[in-house]
Amino acid sequence: MLEQIHQKIIFQKEIEKELKAAEAERRDADFSNKTIQEINLSGREIKCGINFRSSVFLGSVYLARTRIEGSLIFDNAVVNNTLYLGELEVDGIFSSLRITVKNSLNMVKSSVKGNVQLEKANIQGFLSLNNLKTQGSVNLKEIKTTNLETSSGIIKGDLFLQKARIEKFVDLRGAQISGLADLENINVWGYLDFSNAK
C-alpha cells in the first residue's frame with residue numbers, strides 16, 4: 001500500500017481549483033496519479049470530464065446527485081473508504097477498471113450515457129447498481145466482492161442490480177460474488193452473461 005501513496009496529498013481546495021480551470025479551458029480535469037485526502041462534489045453540475053486514474057483516496061468519495069458533462073474515470077484507483085455515487089449523471093462513460101474499494105461502491109439510481117466499466121474491480125463490501133440506467137453496456141467481468149468486517153458488523157459482499165435498465169449487455173463472466181447477486185426486475189436489452197461466475 002505504501003508504494004501507492006504518492007508524495008503530496010491533495011485536498012478539496014485544490015480539487016476545486018483544477019475543476020474551475022478545466023471548465024474554463026474546456027478540457028477534462030486531471031487528478032491522475034494523485035493522493036487525495038477525501039472528496040465531496042455532491043449536488044454539483046460539473047462542465048467537464050474528470051480523470052482519477054491511478055489515484056489513491058485516503059478517505060471517502062462522494063458524488064451524490066452530481067452531473068458530469070463528460071466521462072468519469074477511476075481506472076486503477078484505490079478508495080480506502082466508501083465510493084458513493086448515488087443519483088450520479090454522467091454524459092460520457094463511467095470507467096473503474098481494476099479499482100479497489102475498501103468499503104462498498106454505491107451507484108444507486110445513477111444514469112450513464114456511455115458504457116459502465118468495472119472489469120476486475122475489487123470491492124470489499126457491496127456493489128450496488130440498483131436502478132442504474134445506461135444507454136451502453138455494463139462490464140463486470142472478473143469483478144470480486146468480499147465481505148467486510150466493521151466495528152458495527154459485517155457488510156456482505158453483495159451485488160445489487162435490481163431494476164437496472166441496460167440498453168446493451170451485462171458481462172459478469174468470471175465474477176466472484178461472496179454474497180448475494182440480486183437481479184430482481186433487471187431489464188437488459190442485449191444479453192446477460194454469467195459464464196464461470198461464482
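This is a predicted model: local features need pLDDT of at least 70, side-chain atom pairs count only at pLDDT 80 or more; totals for chains, interfaces and linings use all residues.
Visitor: Which residue in β27 stands opposite Lys133?
Guide: Strand β21 (residues 133–134) pairs with β27 in the parallel sense, over two bridges. Across from Lys133, the residue found in β27 is Arg165.

Visitor: How many aromatic pairs does a search of the whole structure find, and what is the distance, centre to centre, between Phe57 and Phe74?
Guide: The search of the whole structure finds seven aromatic pairs. One of them is formed by Phe57 and Phe74, a tilted pair with 50° between the planes and a distance, centre to centre, of 6.0 Å.

Visitor: How many residues apart in sequence are the parts that the pair of Phe57 and Phe74 ties together?
Guide: Phe57 lies in strand β7 (residues 56–57), whereas Phe74 lies in the loop between β10 (72–73) and β11 (78–79), so the pair ties together parts whose separation in sequence is 17 residues. Phe57 is buried, with a relative accessible area of 0%, and Phe74 also counts as buried at 0% relative accessibility. The separation asked for is therefore 17 residues.

Visitor: Are the rings of Phe169 and Tyr191 stacked or edge-to-face?
Guide: The ring centres of Phe169 and Tyr191 are 4.9 Å apart and the planes are at 0°. Planes under 30 degrees apart count as stacked, so the term that describes this pair is stacked.

Visitor: What is the relative accessible area of Tyr191?
Guide: Phe169 lies in the loop between β27 (165–166) and β28 (170–171), and Tyr191 in the loop between β31 (187–188) and β32 (192–193), so their pair ties together parts 22 residues apart in sequence. Phe169 counts as partly exposed at 25% relative accessibility, and Tyr191 is partly exposed as well, with a relative accessible area of 43%.

Visitor: Which residues form a nonpolar patch on the surface together with Phe11?
Guide: Phe11 is found in the loop between β1 (9–10) and α1 (12–25), and at 43% relative accessibility this residue counts as partly exposed. The patch has about 230 Å² of accessible area together, and the residues that form it with Phe11 are Ile9 and Leu58.

Visitor: At what distance does the side chain of Asn51 reach the backbone nitrogen of Arg53?
Guide: Asn51 has its place in strand β6 (residues 50–51) and counts as buried at 13% relative accessibility. The side chain of Asn51 makes a polar contact with the side chain of Asp30 at 3.4 Å, and the backbone nitrogen of Arg53 is reached by the side chain of Asn51 at 2.8 Å.

Conventions:
Residues are numbered from 1 along each chain as its sequence is written. Side-chain values use heavy atoms; hydrogens and water are left out. Patches are made of residues with over 30% relative accessible area and no salt bridge: like charges are joined within 9 Å, nonpolar side chains (Val, Leu, Ile, Met, Phe, Trp, Tyr) within 5 Å. Accessible areas come from the Shrake-Rupley method with a 1.4 Å probe; for residues, only the protein chains shown count as cover. A salt bridge is a side-chain nitrogen of Lys or Arg within 4 Å of a carboxyl oxygen of Asp or Glu. Helices (H or I, at least four residues) and strands (E, at least two) are DSSP runs, numbered from the N terminus. Buried means under 20% relative accessible area, exposed over 50%, partly exposed in between (1.4 Å probe, protein chains only). Rings of Phe, Tyr and Trp (its six-membered ring) pair if their centres lie within 6.5 Å; planes under 30 degrees apart count as stacked, over 60 as edge-to-face and the rest as tilted. Two strands pair if DSSP finds at least two bridges between them. A polar contact is a pair of N or O atoms within 3.5 Å; within protein, one must be able to donate a hydrogen and the other to accept it, and residues adjacent in sequence count only if both atoms are side-chain atoms.
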